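This report describes one structure in terms of its sheet, a helix packed on that sheet, and the surroundings of a ligand. The sequence and the structure come before the text.

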Amino acid sequence: MRLLLSGKAKCNSHGQDSPYFHGWQEYEKNPYDQTWNPKGIIQMGLAENHALVQFMAEIRGNKVSFDPSKIVLTAGATSANETIIFCLAEAGDAILIPTPYYPGFDRDLKWRTGADIVPIHCASSNGFKITACALQQAYQEAQNRNLKVKGVLITNPSNPLGTTMTRAELDLLMEFIVEKQIHLVSDEIYSGTVFSSPNYTSTMEVLSKYEKAEVWDSVHVVYSLSKDFGLPGFRVGAIYSNNDWVIATATKMSSFGLVSSQTQYFLSSLLSDKKFTKNFISENKKRLKKQHALLVSGLWNAGISCLESNAGLFCWVDMRHLLSSNTFEAEMELWQKIVYDVKLNISPGSSCHCSEPGWFRMCFACMTEEALEVAIRRIKACVESVSGGRDKVLSRQRCTNMNSGKKSFSSWVFRVPIHDREAGMVLRGPDPNYRRSHHDQVEAT
Ligand SMILES: Cc1ncc(COP(=O)(O)O)c(C=O)c1O
């Protein structure tokens, strides 16, 4: 797969060919250990790859293992994503990304590398799942623009959808990259946040059945401790790859975004404390699940549904019925009202390149329960003022009180545009176990 790499990855102008760097390489081959290699080379620095790869395996239920020699530490996932694109692509090349996607990719993947992003348009009609048709269309669009497609980049679990990819989607992606002989980059920065079923399937798990195939060295994982550990300020990320060229090039590039020795030292003790990490991740998931249920239930009471989700720190919220027209102008109009009048900072779907107006991303993780309730009260007031929908909301609430959870949810589903219902779109009402108490709580205030 060397031919598919970028010019930078293939050229030798980094200056790595010096004794200064050779010493480091010799150390990698023959590291000192008091017990098993007492004559080895002693490293006077730190590289805490071991603890990180073990942690990455743990949050994937130890279904996959990671080799510490195939990981490169970077200053967060921002740097990891840019570095991997520097390794694979340059001006004239394209990376395909399913929409909606994390707005930071426009900066991280394109700006300094010169590569382009071509969207894989995903639609609400199937819950924003990737389809063979959407992949093919994006590939074709890149070709029409005279761009050479170098790979697909996914975020699993997704930011902004808060969903995990299905095994079927991952299999489809593997087939696609094998057929087109391109790379797959999987940004798995939210892999430790999966708080509900279905369980998380990582790309590495799917890749394990391709060990002898060429695609083995075309799949690369990006990770960071910014989300799973809430440590964005520490700037700790990583690229994991079976591709020696990618690892060698990313290692050279990591000079520009190193993780300090002090940070590595701290992380080494943090990640080695298995009991602590296990408890932390499990407690974090519990709290995310609770906060997610509060938001979904509160929005539902305000007449707003969310895409059904099971991971991440946010909900993908459907406010299409509040738009004055089915346009991105109307979406911006509503967004401005929400930011400036309602005073809630949420992200419009257009900033995530969503193809349909009316979707918004709401984060629920970095706020107290009290702040979340204030936010929900404000949203409810906004809905009533925007849609004149007080009657609609009240009649639906009456319906909630009178009926069982299931029945009242289906009455809400009837408000979904007919084409979405027919296509089996999954919209999220509140967790039935949660609804009553929270509903009472909201009503009491
Ligand atoms: C999908 C995704 N990738 C990368 C990043 C950047 O992470 P970091 O803080 O580790 O640079 C974010 C941050 O929100 C993200 O959501």
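## Main sheet

The model is predicted. It has an open sheet of seven strands with mixed pairing, in the order β1-β7-β6-β5-β4-β2-β3. The edge positions are held by β1 (71–74) and β3 (116–120); each has a single partner strand, so one side of each is left without a neighbour in the sheet. From one strand to the next the twist averages 25°.

S79 lies in helix α4. This residue counts as buried because it has 25 C-beta neighbours inside 10 Å, the cut-off being 20 or more. Apart from neighbours within four places in sequence, S79 is in contact with T74, G237 and G257. S79 and V222 are 143 residues apart along the chain, and 9.7 Å separates their C-alpha atoms.

## Ligand shell

There are 13 residues around the ligand, and those that come nearest are G76, A77, T78, S224 and S226. Helix α4 (residues 76–88) gives the most to this shell, with three residues.

By residue class, the shell divides into eight polar residues, four nonpolar and one charged.

## Strands β9, β10 and β11

Which strands pair with β11? One is strand β9 (residues 314–318), and another is strand β10 (residues 347–348). The β9 and β11 strands run antiparallel and are joined by five bridges, with D318 opposite W359 in β11. The pairing of β10 with β11 is also antiparallel, over two bridges, and here P348 stands opposite F360.

Strand β11 (residues 359–363) is mostly covered, with four of its five residues buried.

Technical notes. Residues numbered from 1 in each chain as written. Predicted model: local features only at pLDDT ≥ 70, side-chain atom pairs only at ≥ 80, totals over all residues. Near = placed C-beta within 6 Å. Nonpolar A, V, L, I, M, F, W, Y, C, P; charged D, E, K, R; others polar. Pairing = 2+ DSSP bridges. Axes fitted to C-alpha atoms, helices over the stretch in contact; angles between N-to-C directions. Buried ≥ 20, exposed ≤ 12 C-beta atoms within 10 Å, placed from the backbone. Contact = placed C-beta atoms within 7 Å.
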